Amino acid sequence: MSDDAAAPIRVVVVDDHPVWRDGVRSDLERSGIAVVVGEAADGGEAVDVTLAEMPDVVLMDLRMPTVPGVEAIARIAESAPHVRVLVLSASGEEADVLEAVKVGASGYLLKSSTSQEIADAVARVHAGEPVFTAPLAGLVLSEFRRVSAGARPAGEPGLTERENEVLRLVAKGYTYREIGERLFISEKTAQNHVRNILTKLQLHKRYELMRYAIQKGLDRAPD
Amino acid sequence: MATPDAVRMAEPGRRGLFVGILAYRWATLAWMTALALISRDRLARGGLALVVLALVIVWNAAFTMRKGWERPSWRWVDLGLSVALLPFAGYVMEEGGAAGGVPFFATSYPATSALTIGAGGTPATGLAAGLALSIGLVASRPVNGIGLDELDSAQWANLVNGIVYFVAAGGAAGVVSRSLARTAAERDRAVEEAARERERAARLAERDAIGREIHDSVLQSLAVVAKQGRELASRETVAPEQIRDLLEVAVEQEHALRDLLSHPPEEVPPGAVSLRTALSAAAFGVRDVPVTVSTTSGAWMPAGEVDEVVAAVRQALENAARHAHSSRGTIFAEALDGAVVVSIRDDGVGFEFDEARLAREGKLGLLRSMRGRAEALGGSMDVRTAPGHGTEIEFRFPRDGSGVDV
C-alpha cells in the first residue's frame with residue numbers, strides 16, 4: 001500500500017535530544033514526503049504518543065533514559081503491529097539494534113546518515129522494504145550461525161543457501177539492486193529474501209521466549 | 001614435607017618409572033615363588049612359607065590393581081611387609097639358612113619396596129626405605145638365633161652386599177624421580193611462559209592498533225567541534241541543524257571511541273586479536289569517506305599475523321578513498337572453515353580489471369603489494385570490479401590455529 005505524494009507519511013520522532021528531534025523534523029518536512037505528527041523523549045512516552053497518533057512510521061532512538069527503545073518497540077509491535085519502526089542509532093550499538101529487530105523493528109539506520117538518506121529510509125520502511133545496514137547483517141549472520149551451531153529444535157527455521165548469500169552481500173555493503181544484478185534475481189526478490197530473514201529472526205525470538213516459558217512452567221494455566 | 005602426589009603422578013616420565021618398577025616387582029616375586037617351590041623340601045617350615053607367599057602375592061595383586069604406588073600409605077605398608085619378610089625368610093629356612101649360605105628367597109623382592117618409595121618421594125625417603133630394609137636384613141640373623149659375631153667373612157660380605165643393594169636401590173629411584181619431576185616442572189614453566197608471552201604480544205598488538213588510529217582522529221574531531229562551535233557562538237542566530245551537525249560529530253566520535261575501547265563482545269582465544277577491534281581501528285583512520293565495519297563472531301587472527309592483515313586492508317581502503325571517488329566503504333570479515341575472509345568494498349567508480357593494461361599504465365603497484373601481503377600469509381586476493389559498479393577486494397587468509405590456544 002504505497003501512498004501517493006499528496007498524502008505525506010505520518011512520522012513520530014523519538015529521541016532524548018531535543019536538538020536532534022528538531023533537526024530530524026525540519027529535514028523530514030523539508031523533504032516533502034513526511035510530516036512529523038508527534039515527538040517523544042523516552043520509550044514510555046513513545047508508546048503513548050504512538051498509540052494516540054497511530055503514525056505510519058516511528059523513528060526510534062535506542063539509548064534513552066527510563067524506558068529504553070527496545071522495550072518501546074516490543075510494546076508498539078504488540079499493540080500497534082501495523083506501525084513500522086525505523087531504528088535510528090549511533091554506531092557501536094549493533095547489539096541493541098539486533099534486539100530491536102528481533103522484537104519487531106523493520107529497519108535500522110545510522111545517525112550519521114544524511115538527511116536525504118533518513119528521508120529515503122522512512123519512505124522505504126513505509127513501503128514495506130527492510131532497511132538494513134552492513135554491520136547489522138554481520139550480526140544477523142553471527143546470530144544464525146550461533147543458533148545453527150547449537151542444537152536447534154525441529155521446526156525452528158535456519159537460513160537457506162540463497163538467504164545466506166544475500167545476507168553476506170548486504171554485510172559487504174551491496175544494495176538490493178546490486179545484489180539483484182550479482183545473483184541474477186530482481187531487486188524485489190533480493191528485498192524479499194531480506195524480509196524473510198528478518199521474519200525468521202523474529203521467529204527465533206518467539207521460540208526463545210516459548211522455550212523460556214516452558215522451562216519455567218509459565219505455559220501451564222493456573223489451577 | 002608433603003608432596004603433591006596427585007600432580008606429580010600425572011607426569012608421564014614418572015609413570016614410566018613406576019611401570020618399570022612394577023614389572024621388576026612381579027619378576028622378583030615370580031623368582032621368589034620359583035625358589036620357594038623348588039627348595040620347598042629343604043625348608044624347615046615349607047607349609048608356612050607357601051601360605052605367607054600366597055599372602056604376598058595377594059597383596060601385590062591388590063597393590064597393582066589399586067595403583068598402590070600412587071598412595072603414600074600403601075607404599076609404606078608395602079615397605080613394612082618387605083622388612084618383615086626378611087627375618088621371616090630366615091625363620092622358615094632350615095637351621096642356619098638365615099646366615100645367607102643358601103638361596104635366600106626374600107632378597108631381591110623386598111628391594112622393590114625401596115624402589116617404589118624412592119620413585120614416589122625424594123632421594124631421602126628412598127634412602128630411608130633402603131635403611132629400613134637393611135635393618136630387617138641385619139635383624140634376620142639374631143632373630144633366627146645366629147649372632148652377628150658368628151658370621152664368617154663370606155656371610156658378612158653377603159650381608160653388606162644386601163645392605164648396599166637396598167640403600168642404593170631406594171636412593172637411586174629417588175634421584176631419578178626428582179630429576180624427572182624437575183624436568184617436567186621446567187617444561188611446564190617454559191610452556192606457561194610462552195603462552196603468557198603470546199598473550200602479551202597480542203594485547204600489545206591490539207593496543208597498538210587502537211592507539212595509532214585514535215590519536216589523530218579524535219584530536220581532529222575535537223578541533224573541528226571547537227572551531228565550528230566558536231563560529232556558531234559568534235553568530236546572532238543559529239539554525240538547529242547546524243548544532244545538530246556538530247552534535248553528530250561529537251556523538252559519532254564518542255560512540256566510535258567507546259566501541260573501540262570496550263572489550264570486543266566476542267571471545268578470542270589467547271594469542272589472537274579480534275578482527276572487529278583491529279579493523280575498526282583501521283577504519284577509524286579513514287576520514288574522507290565513512291567506513292563501516294562488520295564481522296561475524298569468531299573473526300580473529302593470530303597476533304603475529306594481524307598486522308599484515310590490517311596493513312593489506314588499509315591499502316585497500318586507501319585505494320577506495322583516493323581513487324574510487326566513493327561515498328562510503330564497507331569492511332566485512334567472517335570466519336569460514338579454516339580461513340578468515342575479509343572483504344573491502346566501495347561504491348565508487350570501479351575500473352576495468354585488466355592486469356596487463358594496469359601494469360602498462362603503472363597502476364598495478366598497490367594491487368601487487370596487497371596481493372603480496374596476502375600471499376605472504378599463505379592467503380589469496382580477489383578483485384571484483386567493473387566501471388560504475390564499485391570495487392570489492394576480498395582477502396582469504398588461512399587460519400590453522402597454530403600460534404594460538406584454541
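Modeller: Let's start at a salt bridge, where the side chains of Arg182(A) and Glu392(B) meet at 3.0 Å, N to O. Keep in mind that this is a predicted model: local features need pLDDT of at least 70, side-chain atom pairs count only at pLDDT 80 or more, and totals for chains, interfaces and linings use all residues. Residues are numbered from 1 along each chain as its sequence is written, chains are lettered from A and ligands numbered from 1 in the order in which they are written, and side-chain values use heavy atoms, with hydrogens and water left out.

Biologist: Why is the meeting of Arg182(A) and Glu392(B) called a salt bridge?

Modeller: The rule asks for a side-chain nitrogen of Lys or Arg within 4 Å of a carboxyl oxygen of Asp or Glu. Arg182(A) and Glu392(B) sit at 3.0 Å, N to O, so the pair passes. Across the interface of chain B and chain A, that rule finds six salt bridges.

Biologist: What makes up the contact between chain B and chain A?

Modeller: Chain B gives 30 residues and chain A gives 32, where contact means heavy atoms within 4.5 Å. About 2500 Å² is buried between the two chains, 50% of it on carbon and sulfur atoms. That buried area is the accessible area (1.4 Å probe) that two parts lose on being put together, summed over both.

Biologist: How do you know that strand 4 and strand 5 of chain B pair?

Modeller: Two strands pair if DSSP finds at least two bridges between them, and strands are DSSP runs (E, at least two residues), numbered from the N terminus. Strand 4 (residues 329–336) and strand 5 (residues 339–346) of chain B have eight bridges, so they qualify, in the antiparallel sense. Gly329(B), for instance, stands opposite Asp346(B) in strand 5 of chain B.

Biologist: What makes strand 2 and strand 6 of chain B edge strands?

Modeller: The open sheet has five strands in the order 2-4-5-7-6 (chain B), with mixed pairing. Strand 2 (291–295) and strand 6 (380–385) of chain B each pair on one side only, which makes them the edges.

Biologist: And over in chain A, which way do the residues of strand 3 point?

Modeller: Val57(A) and Leu59(A) point one way from strand 3 (residues 57–60) of chain A, Val58(A) and Met60(A) the other, and all are buried. Buried means under 20% relative accessible area, with exposed over 50% and partly exposed in between (1.4 Å probe, protein chains only). Strand 3 of chain A also has four bridges to strand 1 (residues 9–14) of chain A, in the parallel sense, with Val13(A) opposite Leu59(A).
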